[in-house]
Amino acid sequence: MLDDPEKPEDNLDISLIDDDEIGSSVKAESHALIPALPYPEQLYILPLNRRPFFPGMAAPIVIEPGAYYEVLKIVAKTDHKCVGLFLTHKEDANIYKMSFDDLYKVGVVARILRIIPIEQGGAQVVLNMEKRVSIEKPVKSKHLLAQVKYHDDTPLAHLSKELKAYSISIITTIKELLKLNPLFKEELQIFLGHSDFTEPGRLADFAVALTTAGREELQEVLETFEIEKRIDKALLLLKKELDISRLQSTINQRIEATISKTQREFFLREQLKAIKKELGMEKDDKTLDAEKFEKRLKKRVVPEDVMKVIREEMDKLSALEIQSAEYAVCRNYLDWLTIVPWGVYSQETHDLKKAEKILDQDHYGLKDIKERILEFIGVGKLTGGVKGSIICLVGPPGVGKTSIGKSVARALNRQFYRFSVGGMRDEAEIKGHRRTYIGSMPGKMVQALKSTQTMNPVIMLDEVDKMGASFQGDPASALLEVLDPEQNREFLDHYLDVRCDLSNVLFIVTANVLDTIPEPLKDRMEMLRLSGYIQAEKIEIARKYLVPRNRKLMGLKTKDVSFTKGALAQIINGYAREAGVRNLENNIKKIMRKVAVKIARGSKSEAHLITEKNLTTYLGKPIFTSDRYYKVNPVGVATGLAWTSMGGATLYVEVVRYPAEKTEMKLTGQAGDVMKESAQIAWTYAQSHCFIYAPGIPFFEKSQIHIHIPEGATPKDGPSAGITMVTAIVSLLLNRPIRENLGMTGEITLTGKVLPIGGLKEKLIAAKRSKVNVLIFPRENLRDYDELPEYLKKGVEVHFVDTYMDVFKIAFPPKKGSNHAKRVAKKQTS
């Protein structure tokens with residue numbers, strides 16, 4: 001296989017041949033050209049992959065050990081020492097699986113001038129290309145051997161004017177190429193030493209060999225035997241080469257000019273900088289950095305220990321060269337040390353009336369939260385500043401936890417900075433990276449001080465219940481120092497490595513649930529619960545806040561779109577039935593976008609009134625129809641009340657019986673371990689007290705009981721469904737439905753004692769949303785109920801119970817003319 005013939009190291013594989021034999025067979029001819037000998041009728045063929053050779057050329061090729069080395073051995077022993085060189089049809093053809101169909105029919109005959117053995121094996125062969133040759137027919141042989149026909153250029157008695165003109169054009173073009181590419185100069189001198197202008201065919205071959213034309217174009221010239229056509233094709237390829245060389249020269253000149261201009265501008269700037277420095281008109285970068293740091297320090301009251309570190313670093317910076325890597329590290333460290341607002345505080349306002357006004361402007365309802373914040377501000381007024389307390393706002397998404405933090409900052413006239421710690425796994429995010437690491441920087445606390453430029457901002461840590469932990473550290477543990485009023489006055493950031501006082505910062509933390517927050521961290525925070533909103537509150541929030549705000553965002557006016565109270569109620573019940581108002585706002589935005597499109601398309605601006613009747617044209621069919629599966633609970637079905645991270649929800653417990661040899665209980669509905677235990681307790685209590693609640697009725701003899709909690713894809717857990725399960729079992733045992741619109745919650749013990757539960761407000765809101773207006777709560781939750789606002793208690797009949805007997809009396813009121821309840825009470829007493 002032969003590579004580019006213009007390179008002296010092109011490869012051709014040939015079988016191994018003895019170096020001494022090769023040397024001896026051509027030693028006599030190694031010093032000069034071989035004299036003209038008759039050409040053989042048959043030639044061994046060597047395939048070329050990249051470019052064809054032309055007559056009149058001399059070129060070396062490298063032949064590696066392989067199948068074709070045998071050919072070299074055979075040819076070296078002949079008198080003529082001739083071999084045929086033919087181009088393959090495909091450039092990537094495999095020469096070891098070569099046939100005559102894979103070769104062009106026209107090539108050149110080459111005579112071996114010299115063979116130089118190579119130490120690694122193979123040989124370097126110097127070949128002289130003598131004339132064109134074509135394959136007549138293959139000859140059967142181990143190697144590629146063919147009957148060939150030789151083609152000589154027709155001798156010309158005298159040059160025609162046309163050929164002479166072609167020759168002059170080629171020489172002129174070559175001269176222009178020499179100006180652009182001096183590499184062609186040596187080849188031209190060799191050619192002129194062996195040829196003249198009276199051989200236009202040789203001139204054409206030489207000119208084509210100079211070009212970088214493609215292998216097919218070169219092969220086409222090689223196959224052109226008529227001199228007039230050949231020289232025309234050669235001139236065309238030479239002109240193309242000249243155009244390419246000119247374009248290359250233009251590109252090089254443009255690049256060199258750009259580089260020269262850039263270098264010139266650089267030197268001029270450096271000279272100008274040096275002149276200005278000598279005249280005192282400009283300072284170097286090191287002086288500018290030092291002055292910038294000094295200017296910052298004048299505006300701050302820096303603690304003595306911090307100032308000592310800054311002075312040491314300033315001295316170190318002055319001794320370093322600007323180009324050194326350590327200069328950049330030292331400069332960045334000083335930049336952070338001096339940008340922290342040491343001794344800079346926002347002027348707090350403790351006007352309770354103003355604070356109350358701001359809270360009412362930003363939020364509707366949340367009376368208990370607002371009262372606690374006003375207490376907080378009132379204490380700050382008496383003590384001279386709000387500090388030493390960390391507030392944790394706990395509640396479902398969309399109830400306004402983040403916006404309350406902004407309102408507190410506005411009421412106190414403090415700067416506000418918020419960042420989320422949800423998904424954070426590296427404690428360096430809180431306490432900073434050590435300066436030994438590349439790209440290190442301070443933690444979020446120092447970044448907050450830099451951003452707010454005050455030492456007493458309001459910093460909100462969002463989603464604290466969603467922090468992670470990894471091999472890089474536990475950010476929850478790092479927060480212990482930050483959120484402890486006794487420790488954060490000497491907070492140490494790993495990057496700054498100096499003490500920083502965070503005791504004047506007001507930290508507000510938000511979470512959806514408390515279960516995932518470590519106990520030591522919860523111990524440092526004061527919990528304020530945001531339970532969510534009932535329908536009446538959501539309607540007012542939509543009217544006062546959501547509709548006006550989004551109307552403005554959408555570029556609409558009051559006359560363009562308005563909502564009736566019924567439409568808002570329908571959106572809340574049918575499309576946005578969550579504890580917060582985020583989905584409610586999203587639906588209002590959706591309606592307003594559709595209205596905006598109508599107004600943008602229409603030429604007239606018409607008012608759009610959103611009512612219950614046309615609401616489906618904007619939002620489609622309602623997503624929710626009812627929280628309640630049953631308008632009237634059938635036998636064996638009881639309604640419970642549950643708490644979730646999204647707020648409160650109603651929960652049904654269904655019980656059925658079917659024949660079985662053994663009386664057993666089965667529970668389904670993806671209940672957690674605590675709920676499974678609660679179901680087992682309910683089953684045991686009902687079985688042990690069935691003689692009281694269902695006298696004379698055997699307890700599910702030869703029957704199996706199946707308790708199911710609907711929505712099986714949703715995990716459920718907790719003990720507060722205990723009395724609900726007992727009531728459903730008793731209902732099935734008595735074959736009697738439970739009182740209408742009754743919901744209950746409470747943990748039950750084996751003796752029938754009803755224990756208190758959590759999330760009472762959320763459960764009450766869920767009951768009102770589902771129109772369950774008769775509720776049973778444990779008596780120990782009475783104090784939680786008394787703290788609820790009156791509007792939540794309105795329209796609800798609430799019963800507080802101590803034992804399950806109290807539940808039974810409410811759930812199964814005596815029928816007219818029935819003494820069943822009296823008998824039950826009598827048995828319970830006995």
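This dialogue walks through selected features of a predicted model.

Q: What kind of model is this?
A: This is a predicted model.

Q: How many salt bridges does the structure hold?
A: The rule asks for a Lys or Arg side-chain nitrogen within 4 Å of an Asp or Glu carboxyl oxygen. By that rule the count is 32 salt bridges.

Q: Which residue pairs with K370, and at what distance?
A: The partner is D360. The closest N and O atoms are 2.9 Å apart. This pair links distant parts of the chain. K370 sits in helix α12, while D360 sits in helix α11, residues 352–362. Ten residues separate them.

Q: Is K370 buried or exposed?
A: Buried means under 20% relative accessible area. K370 has 12%, so K370 is buried. D360 counts as partly exposed, because its relative accessibility is 38%.

Q: Where do K431 and E481 lie?
A: K431 is in helix α14, residues 428–431. E481 is in helix α16, residues 475–482.

Q: Why does K431 count as buried?
A: K431 is buried because its relative accessible area is 16%. E481 also has 16% relative accessibility, so E481 counts as buried.

Q: Are C82 and C690 buried or exposed?
A: C82 is buried, with a relative accessible area of 1%. C690 is buried as well, with 13%.

Q: Which residues form the nonpolar surface patch?
A: Residues in a patch have over 30% relative accessible area and no salt bridge. Here L247, I251, I255 and I259 form a nonpolar patch on the surface. Together they have about 350 Å² of accessible area. L247 is placed in helix α7, residues 227–279. L247 counts as exposed, because its relative accessibility is 53%.

Q: Which residues form the positive patch?
A: K590, R593, K594 and K598 form a positive surface patch. R593 is found in helix α20, residues 582–601. At 43% relative accessibility, R593 counts as partly exposed.

Q: Which residues of helix α15 are buried?
A: The helix spans residues 444–452. M445, V446, Q447, A448, L449 and T452 are buried there.

Q: What follows α15?
A: Q453 follows, and its phi is positive, near 55°.

Q: Where is G384 placed?
A: G384 is in the loop between α12 (367–383) and β8 (390–394). At 65% relative accessibility, G384 counts as exposed. The C-alpha atoms of G384 and H350 are separated by 9.1 Å. Along the chain, these two residues are 34 residues apart.

Methods:
Residues numbered from 1 in each chain as written. Predicted model: local features only at pLDDT ≥ 70, side-chain atom pairs only at ≥ 80, totals over all residues. Heavy atoms only, no water. Patch = residues over 30% accessible without salt bridge, like charges linked within 9 Å, V, L, I, M, F, W, Y side chains within 5 Å. Areas by Shrake-Rupley, 256 points an atom, 1.4 Å probe, with all protein chains shown as cover. Helix = DSSP H or I, 4+ residues; strand = E, 2+ residues; numbered from the N terminus. Buried < 20%, exposed > 50% of the residue type's maximum accessible area, 1.4 Å probe, protein only. Lys, Arg positive; Asp, Glu negative; His and termini not counted. Charge placed at Lys NZ, Arg CZ, Asp CG, Glu CD.
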